[in-house]
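Please look through the structure below.

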Amino acid sequence: EQQYAPCSPEAARLRRKQRELEEQEMKDAGLSPRGRAMARERQKKAAAAARQNRAAEARRIMQKDSRKQKVGMSVGILEKERRYTCIKELFECWDKASDASRDGSGRIEEEELRAVLKKCYDWTDDEAHENVDAILDKIDKDRDGTLDFDEFFRFVDDFTGNVTVQTFDKVINFMMEAVAAYSKEQERKRRTGLLQTLFREWDADGSGVLDMRELYQVITRFNDEERDGGEQETVKLMVTAADADGDGTLDMNEFVDYFNTLTRKMTHNTFDLMLYRFSRCIEEVQTLQMENTAGTRYKQLLLNSLERYEILELLEDCDPTIPLLLFGTACDPSRAIEKSAKEFNVPCKAFLVSHERAERLALAGLQKYGFKLGYWVYFLMARDYPNAHPFLRQVGIAMQTSHKSHPRFRLWVWNPVQDRKDFPEVLSTNARFESLDEIDPEDRGLSTRQLKDKFKKQLGQVGLRRKNSGEIIAYR
(Lines give C-alpha, C1' and ligand atoms only; values in the text may rest on other atoms or scores of the structure.)
Protein backbone atom coordinates (compact mmCIF):
# COMPACT_ATOMS: atom_id res chain seq x y z
CA GLU A 1 0.00 0.00 0.00
CA GLN A 2 2.82 2.40 0.87
CA GLN A 3 4.47 1.69 -2.47
CA TYR A 4 1.50 3.18 -4.31
CA ALA A 5 0.69 5.90 -1.76
CA PRO A 6 3.92 7.90 -1.36
CA CYS A 7 2.05 10.80 0.26
CA SER A 8 0.35 8.72 2.97
CA PRO A 9 0.89 9.58 6.68
CA GLU A 10 3.31 6.69 7.04
CA ALA A 11 5.39 7.88 4.09
CA ALA A 12 5.38 11.42 5.48
CA ARG A 13 6.56 10.09 8.85
CA LEU A 14 9.41 8.23 7.18
CA ARG A 15 10.45 11.36 5.28
CA ARG A 16 10.46 13.40 8.51
CA LYS A 17 12.56 10.73 10.20
CA GLN A 18 14.99 10.77 7.29
CA ARG A 19 15.35 14.56 7.55
CA GLU A 20 15.98 14.29 11.29
CA LEU A 21 18.67 11.67 10.70
CA GLU A 22 20.35 13.84 8.08
CA GLU A 23 20.26 16.82 10.45
CA GLN A 24 21.81 14.73 13.23
CA GLU A 25 24.52 13.47 10.88
CA MET A 26 25.46 17.06 10.01
CA LYS A 27 25.66 17.94 13.70
CA ASP A 28 27.80 14.87 14.42
CA ALA A 29 30.09 15.88 11.56
CA GLY A 30 30.83 19.10 13.46
CA LEU A 31 29.29 21.46 10.93
CA SER A 32 28.61 24.99 12.08
CA PRO A 33 25.12 26.51 11.70
CA ARG A 34 26.32 28.14 8.49
CA GLY A 35 27.72 24.82 7.27
CA ARG A 36 24.44 23.07 8.02
CA ALA A 37 22.56 25.79 6.12
CA MET A 38 24.84 25.32 3.12
CA ALA A 39 24.39 21.54 3.33
CA ARG A 40 20.60 21.94 3.38
CA GLU A 41 20.85 24.23 0.34
CA ARG A 42 22.83 21.56 -1.49
CA GLN A 43 20.19 18.99 -0.53
CA LYS A 44 17.45 21.24 -1.92
CA LYS A 45 19.32 21.59 -5.21
CA ALA A 46 19.83 17.83 -5.35
CA ALA A 47 16.11 17.27 -4.68
CA ALA A 48 15.19 19.76 -7.42
CA ALA A 49 17.51 17.96 -9.84
CA ALA A 50 15.94 14.64 -8.87
CA ARG A 51 12.46 16.06 -9.56
CA GLN A 52 13.62 17.24 -12.97
CA ASN A 53 15.02 13.79 -13.72
CA ARG A 54 11.73 12.15 -12.68
CA ALA A 55 9.80 14.58 -14.86
CA ALA A 56 12.09 13.82 -17.79
CA GLU A 57 11.61 10.09 -17.26
CA ALA A 58 7.83 10.55 -17.04
CA ARG A 59 7.87 12.49 -20.33
CA ARG A 60 9.94 9.75 -21.93
CA ILE A 61 7.46 7.07 -20.80
CA MET A 62 4.60 9.12 -22.18
CA GLN A 63 6.19 9.31 -25.63
CA LYS A 64 4.82 6.85 -28.17
CA ASP A 65 8.27 5.73 -29.30
CA SER A 66 9.06 4.28 -25.86
CA ARG A 67 5.77 2.34 -25.84
CA LYS A 68 6.37 0.74 -29.21
CA GLN A 69 9.35 -1.13 -27.79
CA LYS A 70 7.04 -2.96 -25.34
CA VAL A 71 4.16 -3.80 -27.68
CA GLY A 72 4.83 -7.52 -27.51
CA MET A 73 4.85 -7.66 -23.69
CA SER A 74 2.17 -9.83 -22.14
CA VAL A 75 0.38 -8.54 -19.02
CA GLY A 76 -1.29 -11.21 -16.87
CA ILE A 77 -4.87 -11.05 -15.57
CA LEU A 78 -3.84 -10.33 -11.97
CA GLU A 79 -1.46 -7.60 -13.07
CA LYS A 80 -4.23 -6.02 -15.16
CA GLU A 81 -6.49 -6.01 -12.11
CA ARG A 82 -3.75 -4.49 -9.96
CA ARG A 83 -3.17 -1.75 -12.51
CA TYR A 84 -6.91 -1.09 -12.73
CA THR A 85 -7.03 -0.66 -8.94
CA CYS A 86 -4.02 1.67 -8.96
CA ILE A 87 -5.53 3.85 -11.69
CA LYS A 88 -8.86 3.90 -9.84
CA GLU A 89 -7.11 5.07 -6.64
CA LEU A 90 -5.21 7.70 -8.61
CA PHE A 91 -8.46 8.96 -10.17
CA GLU A 92 -10.19 9.27 -6.78
CA CYS A 93 -7.25 11.17 -5.25
CA TRP A 94 -7.07 13.43 -8.30
CA ASP A 95 -10.82 14.07 -8.23
CA LYS A 96 -10.71 15.16 -4.56
CA ALA A 97 -7.54 17.23 -4.81
CA SER A 98 -9.11 20.57 -5.67
CA ASP A 99 -11.02 21.07 -2.40
CA ALA A 100 -10.41 19.34 0.92
CA SER A 101 -13.89 20.24 2.15
CA ARG A 102 -15.80 18.37 -0.59
CA ASP A 103 -16.02 14.88 -1.99
CA GLY A 104 -15.08 14.47 -5.62
CA SER A 105 -17.50 15.15 -8.43
CA GLY A 106 -16.66 11.92 -10.25
CA ARG A 107 -14.93 13.89 -13.00
CA ILE A 108 -11.54 15.54 -13.43
CA GLU A 109 -11.93 19.10 -14.61
CA GLU A 110 -9.69 20.55 -17.30
CA GLU A 111 -8.00 22.91 -14.81
CA GLU A 112 -7.24 20.02 -12.41
CA LEU A 113 -5.84 17.93 -15.26
CA ARG A 114 -3.64 20.78 -16.47
CA ALA A 115 -2.32 21.70 -12.99
CA VAL A 116 -1.34 18.15 -12.04
CA LEU A 117 0.21 17.16 -15.37
CA LYS A 118 2.16 20.42 -15.38
CA LYS A 119 3.72 19.44 -12.04
CA CYS A 120 4.23 15.82 -13.06
CA TYR A 121 5.95 16.52 -16.38
CA ASP A 122 7.47 19.91 -15.49
CA TRP A 123 5.71 21.58 -18.42
CA THR A 124 5.60 25.31 -19.04
CA ASP A 125 2.21 27.02 -19.13
CA ASP A 126 2.13 26.93 -22.93
CA GLU A 127 3.14 23.26 -23.05
CA ALA A 128 0.49 22.40 -20.44
CA HIS A 129 -2.29 24.11 -22.41
CA GLU A 130 -1.19 22.56 -25.70
CA ASN A 131 -0.77 19.02 -24.36
CA VAL A 132 -3.95 19.00 -22.26
CA ASP A 133 -5.97 20.28 -25.22
CA ALA A 134 -4.55 17.44 -27.29
CA ILE A 135 -5.42 14.89 -24.58
CA LEU A 136 -9.00 16.14 -24.32
CA ASP A 137 -9.43 16.15 -28.12
CA LYS A 138 -8.39 12.50 -28.19
CA ILE A 139 -9.92 11.11 -24.98
CA ASP A 140 -12.92 13.33 -24.16
CA LYS A 141 -15.54 11.64 -26.29
CA ASP A 142 -18.56 13.56 -24.95
CA ARG A 143 -16.77 16.94 -25.37
CA ASP A 144 -17.74 18.27 -21.93
CA GLY A 145 -14.21 19.40 -21.03
CA THR A 146 -13.85 16.82 -18.25
CA LEU A 147 -12.70 13.22 -17.86
CA ASP A 148 -14.87 10.61 -16.16
CA PHE A 149 -13.22 7.42 -14.91
CA ASP A 150 -13.60 5.48 -18.17
CA GLU A 151 -12.01 8.32 -20.13
CA PHE A 152 -9.30 8.77 -17.51
CA PHE A 153 -8.53 5.04 -17.57
CA ARG A 154 -8.10 5.13 -21.35
CA PHE A 155 -5.82 8.16 -20.98
CA VAL A 156 -3.48 6.41 -18.50
CA ASP A 157 -3.73 2.98 -20.10
CA ASP A 158 -2.83 4.48 -23.48
CA PHE A 159 0.79 5.00 -22.43
CA THR A 160 1.12 2.39 -19.66
CA GLY A 161 -0.80 -0.58 -21.01
CA ASN A 162 2.25 -2.42 -22.35
CA VAL A 163 5.07 -1.14 -20.15
CA THR A 164 6.88 -3.18 -17.53
CA VAL A 165 5.64 -3.44 -13.95
CA GLN A 166 8.47 -1.22 -12.69
CA THR A 167 7.75 1.46 -15.29
CA PHE A 168 4.01 1.43 -14.53
CA ASP A 169 4.68 1.84 -10.81
CA LYS A 170 7.00 4.76 -11.50
CA VAL A 171 4.33 6.53 -13.56
CA ILE A 172 1.68 6.05 -10.85
CA ASN A 173 4.06 7.31 -8.17
CA PHE A 174 5.02 10.35 -10.27
CA MET A 175 1.37 11.23 -10.72
CA MET A 176 0.50 10.56 -7.07
CA GLU A 177 3.24 12.97 -5.98
CA ALA A 178 1.98 15.62 -8.39
CA VAL A 179 -1.62 15.17 -7.14
CA ALA A 180 -0.47 15.46 -3.53
CA ALA A 181 1.46 18.66 -4.29
CA TYR A 182 -1.57 20.14 -6.08
CA SER A 183 -3.90 19.13 -3.24
CA LYS A 184 -1.59 20.72 -0.67
CA GLU A 185 -1.48 23.90 -2.72
CA GLN A 186 -5.29 24.05 -3.00
CA GLU A 187 -5.75 23.38 0.72
CA ARG A 188 -3.35 26.20 1.53
CA LYS A 189 -5.40 28.54 -0.67
CA ARG A 190 -8.59 27.45 1.08
CA ARG A 191 -7.08 28.00 4.52
CA THR A 192 -5.69 31.38 3.52
CA GLY A 193 -9.16 32.52 2.45
CA LEU A 194 -10.69 31.31 5.74
CA LEU A 195 -7.95 33.01 7.79
CA GLN A 196 -8.51 36.27 5.92
CA THR A 197 -12.22 36.07 6.78
CA LEU A 198 -11.33 35.38 10.42
CA PHE A 199 -9.00 38.39 10.48
CA ARG A 200 -11.77 40.67 9.21
CA GLU A 201 -14.11 39.38 11.93
CA TRP A 202 -11.40 39.84 14.57
CA ASP A 203 -10.58 43.39 13.44
CA ALA A 204 -13.76 44.90 14.90
CA ASP A 205 -12.61 48.52 14.60
CA GLY A 206 -11.66 48.12 10.93
CA SER A 207 -8.14 49.47 11.47
CA GLY A 208 -6.55 46.79 9.30
CA VAL A 209 -4.32 45.55 12.15
CA LEU A 210 -4.75 43.58 15.38
CA ASP A 211 -3.17 45.13 18.46
CA MET A 212 -2.22 43.45 21.74
CA ARG A 213 -5.57 44.20 23.38
CA GLU A 214 -7.63 42.64 20.56
CA LEU A 215 -5.42 39.55 20.46
CA TYR A 216 -5.36 39.17 24.25
CA GLN A 217 -9.14 39.34 24.68
CA VAL A 218 -9.88 36.61 22.14
CA ILE A 219 -6.96 34.28 22.86
CA THR A 220 -7.61 34.37 26.60
CA ARG A 221 -11.22 33.32 26.00
CA PHE A 222 -10.12 30.71 23.44
CA ASN A 223 -7.74 29.11 25.95
CA ASP A 224 -10.37 29.40 28.72
CA GLU A 225 -7.82 30.82 31.13
CA GLU A 226 -7.89 33.65 33.61
CA ARG A 227 -6.33 36.94 32.70
CA ASP A 228 -2.92 36.63 34.26
CA GLY A 229 0.61 37.62 33.35
CA GLY A 230 1.43 34.23 31.89
CA GLU A 231 -1.30 34.44 29.26
CA GLN A 232 -0.33 38.01 28.43
CA GLU A 233 3.27 36.91 27.99
CA THR A 234 2.11 34.21 25.58
CA VAL A 235 0.34 36.81 23.44
CA LYS A 236 3.45 39.00 23.48
CA LEU A 237 5.60 36.10 22.28
CA MET A 238 3.06 35.36 19.53
CA VAL A 239 3.12 38.98 18.32
CA THR A 240 6.93 39.01 18.43
CA ALA A 241 7.12 35.85 16.34
CA ALA A 242 4.53 36.98 13.78
CA ASP A 243 5.27 40.73 13.58
CA ALA A 244 7.51 40.98 10.52
CA ASP A 245 7.75 44.80 10.43
CA GLY A 246 8.17 45.19 14.21
CA ASP A 247 5.35 47.71 14.75
CA GLY A 248 3.77 45.74 17.62
CA THR A 249 0.63 44.83 15.64
CA LEU A 250 -0.36 42.17 13.11
CA ASP A 251 -1.67 43.08 9.69
CA MET A 252 -3.56 40.57 7.56
CA ASN A 253 -0.50 39.14 5.80
CA GLU A 254 1.42 38.66 9.06
CA PHE A 255 -1.65 37.08 10.69
CA VAL A 256 -2.26 34.67 7.81
CA ASP A 257 1.41 33.67 7.47
CA TYR A 258 1.72 33.02 11.21
CA PHE A 259 -1.40 30.89 11.47
CA ASN A 260 -0.59 29.00 8.27
CA THR A 261 2.76 28.07 9.80
CA LEU A 262 1.19 27.25 13.17
CA THR A 263 -1.48 24.98 11.68
CA ARG A 264 0.38 23.38 8.79
CA LYS A 265 0.26 19.90 10.41
CA MET A 266 -3.44 20.08 11.29
CA THR A 267 -5.99 18.02 9.39
CA HIS A 268 -8.62 20.07 7.59
CA ASN A 269 -11.25 18.99 10.13
CA THR A 270 -9.13 20.13 13.10
CA PHE A 271 -8.33 23.38 11.30
CA ASP A 272 -12.01 24.09 10.58
CA LEU A 273 -12.94 23.34 14.20
CA MET A 274 -10.22 25.69 15.46
CA LEU A 275 -11.49 28.49 13.20
CA TYR A 276 -15.05 27.89 14.34
CA ARG A 277 -14.00 28.24 17.98
CA PHE A 278 -12.02 31.38 17.28
CA SER A 279 -15.04 32.82 15.49
CA ARG A 280 -17.28 32.04 18.47
CA CYS A 281 -14.76 33.63 20.87
CA ILE A 282 -14.63 36.77 18.71
CA GLU A 283 -18.43 36.90 18.71
CA GLU A 284 -18.51 36.55 22.51
CA VAL A 285 -15.92 39.29 23.05
CA GLN A 286 -17.70 41.69 20.73
CA THR A 287 -21.07 40.87 22.35
CA LEU A 288 -19.62 41.58 25.80
CA GLN A 289 -18.41 44.94 24.57
CA MET A 290 -21.82 45.88 23.15
CA GLU A 291 -24.16 44.48 25.78
CA ASN A 292 -24.89 46.05 29.13
CA THR A 293 -23.82 44.44 32.41
CA ALA A 294 -27.22 42.83 33.01
CA GLY A 295 -27.27 41.14 29.61
CA THR A 296 -23.73 39.84 30.06
CA ARG A 297 -24.51 38.51 33.52
CA TYR A 298 -27.65 36.77 32.24
CA LYS A 299 -25.73 34.95 29.51
CA GLN A 300 -23.13 33.82 32.03
CA LEU A 301 -25.89 32.54 34.34
CA LEU A 302 -27.37 30.70 31.35
CA LEU A 303 -24.10 28.88 30.66
CA ASN A 304 -23.58 28.13 34.36
CA SER A 305 -27.08 26.67 34.59
CA LEU A 306 -26.48 24.55 31.50
CA GLU A 307 -23.23 23.20 32.90
CA ARG A 308 -24.44 22.60 36.46
CA TYR A 309 -28.03 21.45 35.98
CA GLU A 310 -29.31 20.72 32.47
CA ILE A 311 -26.34 18.56 31.45
CA LEU A 312 -26.57 16.58 34.70
CA GLU A 313 -30.30 16.08 34.20
CA LEU A 314 -29.68 14.80 30.67
CA LEU A 315 -27.09 12.34 31.97
CA GLU A 316 -29.23 11.03 34.83
CA ASP A 317 -30.03 7.33 34.29
CA CYS A 318 -28.70 7.63 30.75
CA ASP A 319 -27.02 4.83 28.80
CA PRO A 320 -24.86 4.87 25.63
CA THR A 321 -27.81 4.15 23.33
CA ILE A 322 -29.60 7.42 24.20
CA PRO A 323 -28.56 10.45 22.06
CA LEU A 324 -28.39 13.77 23.92
CA LEU A 325 -29.75 16.42 21.56
CA LEU A 326 -29.54 20.17 22.10
CA PHE A 327 -31.20 22.81 19.94
CA GLY A 328 -31.70 26.56 20.01
CA THR A 329 -29.45 29.57 19.58
CA ALA A 330 -29.46 31.32 22.97
CA CYS A 331 -25.87 30.22 23.63
CA ASP A 332 -23.15 27.91 22.38
CA PRO A 333 -23.10 24.80 24.63
CA SER A 334 -19.68 23.62 23.46
CA ARG A 335 -17.69 24.96 26.39
CA ALA A 336 -20.20 23.65 28.94
CA ILE A 337 -20.13 20.14 27.43
CA GLU A 338 -16.33 20.06 27.33
CA LYS A 339 -16.10 21.31 30.93
CA SER A 340 -18.55 18.64 32.03
CA ALA A 341 -16.47 15.99 30.28
CA LYS A 342 -13.43 17.14 32.27
CA GLU A 343 -15.44 17.06 35.50
CA PHE A 344 -16.45 13.48 34.72
CA ASN A 345 -12.89 12.59 33.72
CA VAL A 346 -14.06 11.48 30.27
CA PRO A 347 -12.25 12.45 27.03
CA CYS A 348 -14.42 14.44 24.62
CA LYS A 349 -13.99 14.49 20.84
CA ALA A 350 -15.70 17.34 18.98
CA PHE A 351 -16.50 17.46 15.25
CA LEU A 352 -17.67 20.52 13.35
CA VAL A 353 -19.99 19.28 10.58
CA SER A 354 -19.91 21.92 7.87
CA HIS A 355 -19.09 20.07 4.65
CA GLU A 356 -19.15 16.65 3.01
CA ARG A 357 -15.78 15.36 4.12
CA ALA A 358 -16.42 16.53 7.67
CA GLU A 359 -19.49 14.26 7.66
CA ARG A 360 -17.40 11.20 6.83
CA LEU A 361 -14.81 12.09 9.47
CA ALA A 362 -17.53 12.59 12.07
CA LEU A 363 -19.16 9.23 11.32
CA ALA A 364 -15.78 7.50 11.44
CA GLY A 365 -15.03 9.29 14.73
CA LEU A 366 -18.34 8.07 16.17
CA GLN A 367 -17.30 4.49 15.49
CA LYS A 368 -13.70 4.83 16.65
CA TYR A 369 -13.82 7.27 19.57
CA GLY A 370 -17.39 6.64 20.72
CA PHE A 371 -18.37 3.02 20.28
CA LYS A 372 -14.87 1.57 20.74
CA LEU A 373 -12.92 3.92 23.04
CA GLY A 374 -15.74 5.34 25.15
CA TYR A 375 -15.27 9.07 24.45
CA TRP A 376 -18.02 11.62 24.61
CA VAL A 377 -18.57 12.44 20.93
CA TYR A 378 -19.90 15.94 20.25
CA PHE A 379 -21.25 17.01 16.84
CA LEU A 380 -21.58 20.74 16.19
CA MET A 381 -23.84 21.31 13.23
CA ALA A 382 -22.89 24.43 11.27
CA ARG A 383 -25.58 27.09 11.07
CA ASP A 384 -27.81 26.73 7.99
CA TYR A 385 -25.90 23.65 6.83
CA PRO A 386 -28.09 22.31 3.99
CA ASN A 387 -27.13 18.65 4.47
CA ALA A 388 -27.75 18.55 8.24
CA HIS A 389 -30.88 16.39 8.12
CA PRO A 390 -29.43 13.60 5.90
CA PHE A 391 -26.27 13.55 8.01
CA LEU A 392 -28.22 13.24 11.27
CA ARG A 393 -30.21 10.39 9.71
CA GLN A 394 -26.93 8.55 9.16
CA VAL A 395 -25.97 9.23 12.78
CA GLY A 396 -29.34 7.84 13.92
CA ILE A 397 -28.87 4.69 11.83
CA ALA A 398 -25.39 4.21 13.30
CA MET A 399 -26.79 4.56 16.84
CA GLN A 400 -29.67 2.17 16.14
CA THR A 401 -27.47 -0.51 14.53
CA SER A 402 -24.62 -0.38 17.01
CA HIS A 403 -24.77 -3.71 18.83
CA LYS A 404 -22.01 -2.99 21.33
CA SER A 405 -20.95 0.40 22.68
CA HIS A 406 -18.45 1.34 25.35
CA PRO A 407 -20.38 1.96 28.63
CA ARG A 408 -18.75 5.36 29.05
CA PHE A 409 -19.75 6.62 25.59
CA ARG A 410 -22.29 9.42 25.18
CA LEU A 411 -23.38 11.17 21.97
CA TRP A 412 -24.02 14.92 22.10
CA VAL A 413 -25.46 16.83 19.15
CA TRP A 414 -26.06 20.57 18.98
CA ASN A 415 -28.17 21.69 16.03
CA PRO A 416 -28.82 25.48 16.03
CA VAL A 417 -32.47 25.18 15.00
CA GLN A 418 -35.64 26.33 16.74
CA ASP A 419 -37.65 23.10 16.91
CA ARG A 420 -36.86 19.57 18.02
CA LYS A 421 -38.86 18.34 15.02
CA ASP A 422 -35.89 19.29 12.84
CA PHE A 423 -34.12 16.17 14.12
CA PRO A 424 -34.87 13.02 12.07
CA GLU A 425 -37.05 10.40 13.71
CA VAL A 426 -34.38 7.69 13.54
CA LEU A 427 -32.15 9.81 15.79
CA SER A 428 -34.79 11.43 18.02
CA THR A 429 -36.44 8.14 19.02
CA ASN A 430 -35.56 7.51 22.70
CA ALA A 431 -33.39 10.64 22.66
CA ARG A 432 -33.24 13.32 25.35
CA PHE A 433 -33.71 16.94 24.35
CA GLU A 434 -32.72 20.28 25.79
CA SER A 435 -33.85 23.60 24.32
CA LEU A 436 -31.21 26.25 24.92
CA ASP A 437 -33.79 28.96 24.30
CA GLU A 438 -36.00 27.77 27.17
CA ILE A 439 -33.39 27.58 29.96
CA ASP A 440 -34.25 30.01 32.74
CA PRO A 441 -31.34 30.25 35.21
CA GLU A 442 -33.25 32.68 37.42
CA ASP A 443 -35.65 29.90 38.49
CA ARG A 444 -32.88 28.23 40.45
CA GLY A 445 -32.56 31.02 42.97
CA LEU A 446 -29.53 29.43 44.68
CA SER A 447 -26.34 30.95 45.99
CA THR A 448 -22.94 29.92 44.68
CA ARG A 449 -22.37 27.63 47.68
CA GLN A 450 -25.81 26.04 47.25
CA LEU A 451 -25.10 25.54 43.55
CA LYS A 452 -21.87 23.71 44.38
CA ASP A 453 -23.54 21.57 47.05
CA LYS A 454 -26.38 20.60 44.72
CA PHE A 455 -23.89 19.89 41.95
CA LYS A 456 -21.95 17.51 44.22
CA LYS A 457 -25.13 15.74 45.27
CA GLN A 458 -26.23 15.21 41.69
CA LEU A 459 -22.89 13.70 40.76
CA GLY A 460 -23.93 10.59 42.67
CA GLN A 461 -27.14 10.32 40.66
CA VAL A 462 -25.55 9.89 37.20
CA GLY A 463 -23.68 6.66 37.85
CA LEU A 464 -20.36 8.05 39.05
CA ARG A 465 -18.13 7.30 42.02
CA ARG A 466 -15.47 9.49 43.54
CA LYS A 467 -12.24 9.05 45.42
CA ASN A 468 -11.82 10.57 48.88
CA SER A 469 -10.10 13.50 47.20
CA GLY A 470 -13.34 14.23 45.33
CA GLU A 471 -12.01 13.39 41.86
CA ILE A 472 -14.51 11.79 39.50
CA ILE A 473 -12.87 8.66 38.16
CA ALA A 474 -15.28 6.31 36.37
CA TYR A 475 -18.79 5.14 35.67
CA ARG A 476 -20.25 2.37 37.80
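Is Glu 283 buried, partly exposed or exposed? Glu 283 has a relative accessible area of 40% and so counts as partly exposed (buried is under 20%, exposed over 50%, partly exposed in between, with a 1.4 Å probe and protein chains only). The model is predicted: local features need pLDDT of at least 70, side-chain atom pairs count only at pLDDT 80 or more, and totals for chains, interfaces and linings use all residues. Residues are numbered from 1 along each chain as its sequence is written, and side-chain values use heavy atoms, leaving out hydrogens and water.

Glu 283 forms a salt bridge with Arg 280, with the closest N and O atoms 3.5 Å apart; a salt bridge is a side-chain nitrogen of Lys or Arg within 4 Å of a carboxyl oxygen of Asp or Glu. About one helical turn separates the two, because they are 3 residues apart in helix α12 (residues 268-290). Helices are DSSP runs of H or I with at least four residues, numbered from the N terminus. Arg 280 is buried, at 11% relative accessibility.

In helix α5, Arg 114 and Glu 111 are also 3 residues apart, and their side chains meet in a salt bridge of 3.3 Å, N to O. Arg 114 is buried, with a relative accessible area of 10%. After α5 comes Asp 122, whose phi is positive, near 55 degrees.

In helix α8, Glu 187 and Arg 191 are 4 residues apart. Their salt bridge is 2.7 Å, N to O, and both residues are buried. Lys 184 lies in α8 as well (residues 165-202), but is exposed, at 66% relative accessibility.

The whole structure holds 16 salt bridges.
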